[in-house]
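Dear colleague,

I am passing on the structure below, and after it you will find my notes. Please read them with the structure open beside you.

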Amino acid sequence: MKFSTLTRHIREGFKSILRNGWMSFASITSIFISLLILGVFILLALNMNAMASQIESQVQIRVFLETDVADDVVADLQKQVGNIPEVSKLIYVSKEEGLAQLRDRMGEDNSDWLEGYNNENNPLPITFTVEVFEPKLVKSVADQIHSIAGTYETSPVADVKYGQGIVETLFKVTDAIRNAGYIVVAALSITAVLLISNTIRMTIVARQREISIMKMVGATNSFIRWPFFVEGALIGVITSVLTTAIVLIGYDQIINAFQYELSFLTMQLLPVKEVMALTSLTMIILGSFIGIWGSVMSVRKYLKV
Amino acid sequence: MIEMHDIWKTYADGTSALNGVSVKIDRNEFVYLVGPSGAGKSTFMKLIYREEIPTKGEIFVNGFNIGKLKQRKIPYVRRNIGVIFQDFRLLPKLTIYENVAFAMEAIEAPRKVIKKRTMEVLELVGLKHKHKSFPSQLSGGEQQRVSIARAIVNNPAVIVADEPTGNLDPDTSLDIMNLLEEINFRGTTIVMATHNKEIVNSMRKRVIAIEHGNIVRDEQRGEYGYEI
Ligand SMILES: Nc1ncnc2c1ncn2[C@@H]1O[C@H](COP(=O)(O)OP(=O)(O)OP(=O)(O)O)[C@@H](O)[C@H]1O
Ligand SMILES: [Mg+2]
């Protein structure tokens, strides 16, 4: 296609958007709303994911041994657990270290509570802190530790603890948000496609005479179709760029306004520059797609060339 | 230039408009198509510019077998055929200049060529000074001249005119006929359907009469031949 032809199609597309003022406005509004909701969902999902992986990374398995396990059994157990393929790291925490760690965690204020305890009457058991390669594997690793313990005459393991419950809940919440997002965005996208295709249909009807004259003087079909594609695509692109800007600016405002209020939570909202690429890419691609799809539908159906 | 071999045309609703028409029109001829209303004149012309395709028979325009044309090629063949209607068919929101230039834009002519050529044909039809006006600001005769300018702007080999003077008074009709004669003189084949007895009888050309979908008369320098 010649450059001058392309500019002509773009010019015609723009003119047509202005000429069909109200219908264009309706399509723009509907794409705007779909994309706005999509944007909010993307940002929510990204932040939830970040939170989930932050918590995940803190997931460890703690193996509490019985208090009276013989040293060679402890050594054997440590070796066997360390040999589980999914285990990335195993830290041996002696009774003394356990007590020191507990003191640390309780802090100054509550130290009286542990006053009477020293290395002679340390009530704590030996523990292993086990880390796994994949947070999702903690349950299976914990089960394996249980079955290893079961091979001894009397189980040297008192308890195996892991924070999986929290992670699972979190995953369920992120999944639910994501699925709700998909459904809402799909429904709104379809509405937007229909509205755009209706806008284009109005353009086609309004330009019936022009189209028949174009055909009469020998315009090719693609020449006749192009301005309608351009019109749909323009509505999609312009709206999605606009919406993306609004969503990201709004997000930035929220981060700035609430950075102190939210600081009591250990988590932090992701900074704009980390969410920008994915959010704008998804929104602009979807917006353009909606626009083009709407016009293709209309041109197929109503433009008999 | 135009050849029809045993052309039949039956519309979708069963109306038969042409019943075995054969005719040969040479390059640079000027042909009047006459006959009563409903005889099949417009159908004859629609087959030439491929608005309709024949139910049976073959039609060649400028060497192309119009009925068998691939969809993709139709536009290129139409560029060789200028069409003029009784109701002008101008675009009301475009200026006279734009209405004519539009036909060149549609076939993707270079911008510079468009400007030069558009002004040239507007001058030929005597409306250069009104190129900025809108169709509604022009008389019927002037509007028809604009539509003629649009029909010839892409230099077609053939012009098909369906009652071009049907909406015009006698004097204005004469103007239009002089213009068409001038265009024919410059080398364009013209086929014109008309009910205008005065014109046919005063500008003696080839006359083809159609009745009930058949050619009943074909004379060089013929007459209108019907009483109104
Ligand atoms: N699209 C159509 N569908 C069905 N029948 C049609 C169609 N167009 C024309 N006809 C019929 O075909 C016949 C020939 O019509 P056509 O328009 O060719 O006549 P005409 O000679 O141009 O008449 P007029 O002088 O009134 O313009 C008529 O009976 C008409 O009703
Ligand atoms: Mg007719």
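How much area is buried between chain B and chain A, and what percentage of it do carbon and sulfur atoms give? Before the answer, please note that this is a predicted model, in which local features need pLDDT of at least 70 and side-chain atom pairs count only at pLDDT 80 or more, whereas totals for chains, interfaces and linings use all residues. Residues are numbered from 1 along each chain as its sequence is written, chains are lettered from A and ligands numbered from 1 in the order in which they are written, and side-chain values use heavy atoms, with hydrogens and water left out.

The buried area, meaning the accessible area (1.4 Å probe) that two parts lose on being put together, summed over both, is about 1,800 Å² between chain B and chain A, and carbon and sulfur atoms give 57% of it. Across this interface the rule for salt bridges (a side-chain nitrogen of Lys or Arg within 4 Å of a carboxyl oxygen of Asp or Glu) finds 0 between chain B and chain A. On the side of chain B that touches chain A, H3(B) supplies the largest share, 4 residues.

Turning to ligand 1, 14 residues surround it (a heavy atom within 4 Å), and the closest are Ser37(B), Lys41(B), Ser42(B), Thr43(B) and His195(B). Oxygen atoms of ligand 1 lie 2.6 Å from a side-chain N or O atom of Thr43(B), 2.8 Å from one of His195(B), and 3.0 Å from a polar backbone atom of Gly40(B). Helix H1 (residues 41–48) of chain B gives the largest share of the shell around ligand 1, 3 residues; helices (H or I, at least four residues) and strands (E, at least two) are DSSP runs, numbered from the N terminus.

Over all chains the count of salt bridges comes to 18. In one of these, the side chains of Asp6(B) and Lys56(B) meet at 3.4 Å, N to O. Asp6(B) lies in strand E1 (residues 2–10) and Lys56(B) in strand E4 (residues 56–61) of chain B, so this pair ties together parts that are 50 residues apart in sequence.

With best wishes

Notes
Polar contact = N/O pair within 3.5 Å; in protein donor to acceptor, adjacent residues only side chain to side chain.
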